[in-house]
Amino acid sequence: MTQLLKAESFKMSRWSLWSSRAITHSRRFYSAKAPDIEVDNLVVGGGVIGLAIAEKLTRARSAETTVLVEKNGAIGEETSSRNSEVIHAGLYYPIDSLKTRLCIQGNRMLYDIAARKSIPHKRIGKWIVAQTPEQHEYLTKMHQKANSLGVETHFLDKQQANKLEPEIQCHSVLVSPSTGIVDSHALMEYLAETAQQQGGDLALSTRVRKIETSEGQYRVTITSPLENEPDTVVLAKRVFNSAGLHADKISNMLMPDRYKLYYAKGHYFSYNAPNNIQHLIYPCPEKNLAGLGTHLTLDMAGQIKFGPDVEYVDRLEYNVPDNQDKIKSFGDAIHRYWPPLDPQKLQPSYAGIRPKLARPGESFRDFEIREERDSGYANFYTLIGIESPGLTCCLAIADHVHELIRD
């Protein structure tokens, strides 16, 4: 189990939170007290993206001090652990998008590290199911795009599909052999442990309260995880904002009203019955890629789960309605490709929320990953709108962010 830095373990003082390599200072600043500590790299957000960045920085820049702060009491409590845990192949998005490039790269990197580090995963393949000739035409274009990108796909007709998955109803199926599943919790545990072994520090239950500039660096005020303790001021050479659902608020501390995220909630249902399904089953995608449809996925134990749907919400809450309207909505979507479904055996499981840059009904929006140098904030890095396929992309995103560093 990852030995994370928890508030209850701080016996000597609140500064035991930090690595001995972090430098304390006494010099004064023009409008505030001296910083309590100084670091080279401050990563905000302890989901899979922030953890991947911290692992990359501690490996590639071992002489520098790297600290990750996470507002929750454990890593990966939000979007990173509330998803389908699918390793995507990179089929859905525009060819020249970051989502496509980083997904294809991240797919290969994730399988490699999962195999080398014994992170539970399975390359079980995905079926994207067409129900009509029109949907088959859509999938044909996807197949052609995949070929141009070097991503393997192939078609099955109805008869071929029925031999392999006799319960799946389809006109045709586009097969993605390189799609799979991964234990996201085990992946995050690995990244956290490795970052710490490489000299980094993780501070939990620690919120960012304020960010200011100071002589070309960043004064970041963070809350203490200990009760009745004053805030801590960190002087950071670089700040990496990978705060997920809260990334707009973090960057807006420097650039008011620059960013706006929308919350897209997705519900998941488990299925309390035996099944013989061997692949991930996805419907043909929705218009504007608001979601990939209510799909059937398998966990590492082979149990079925369905989801997510897409519901834009104004606040972060994770309840799953246990009512007939929601069950009927799921049942209707699933019956289109899996007629044997018994809706009465659907059980509310969990919900996740995606940080989207696109408003309801708006067309595709790509990841936004940039250094804010053009806005006057060199060495401040914003990662925003990191929704699906963010889990697949995490290692590639970390490499991409590291390549953006100039000094």
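Let's start with what covers helix α3. The cover over its buried residues includes three strands: β5 (126–130), β6 (154–157) and β7 (172–176). Keep in mind that this is a predicted model.

Which residues of α3 are buried? They are L139, T140, M142, H143, K145 and A146.

Now a quick check on the helix itself. α3 runs over residues 133–149, so it has 17 residues. Take 1.5 Å a residue, and the helix should span 24 Å. Its end C-alpha atoms are 24 Å apart, so the model agrees with the expectation. Just after α3 comes G150, with a positive phi of about 80°.

Next, the core. In soluble globular proteins, nonpolar side chains tend to be buried together. Here the largest nonpolar core has 43 residues. Which members touch the most others? I53, I369 and I397 do.

Let's look at I397. Set aside its neighbours within four places in sequence. What does I397 contact then? The list is I49, L102, F367, I369, L383 and I386.

One of those, L102, takes us to the packing of α2 on α8. On the α2 side, the residues that meet α8 are L98, K99, R101, L102, C103, Q105, G106, N107, M109, L110 and I113. On the α8 side, they are L391, T392, C393, L395, A396, I397, D399 and H400. How do the two helices cross? The angle between α2 and α8 is about 100°, and their axes are 6 Å apart. An angle of 65 to 115 degrees counts as roughly perpendicular, so that is the word for α2 and α8.

Last topic: cysteines. A disulfide is a covalent bond between the sulfur atoms of two cysteines. How many disulfides does the model have? The count is 0.

C103 counts as buried, because its relative accessibility is 1%.

Notes
Residues are numbered from 1 along each chain as its sequence is written. This is a predicted model: local features need pLDDT of at least 70, side-chain atom pairs count only at pLDDT 80 or more; totals for chains, interfaces and linings use all residues. Side-chain values use heavy atoms; hydrogens and water are left out. Helices (H or I, at least four residues) and strands (E, at least two) are DSSP runs, numbered from the N terminus. The expected span of a helix is 1.5 Å times one less than its number of residues. Buried means under 20% relative accessible area, exposed over 50%, partly exposed in between (1.4 Å probe, protein chains only). Contact means heavy atoms within 4.5 Å. A disulfide is a pair of cysteine sulfur atoms within 2.5 Å. A nonpolar core is a set of buried Ala, Val, Leu, Ile, Met, Phe, Trp, Tyr and Cys residues joined through side-chain atoms within 4.5 Å. Axes are lines fitted to C-alpha atoms, for helices over the stretch in contact, and angles run from 0 to 180 degrees between N-to-C directions. Angles under 35 degrees count as roughly parallel, over 145 as roughly antiparallel, 65 to 115 as roughly perpendicular and the rest as oblique.
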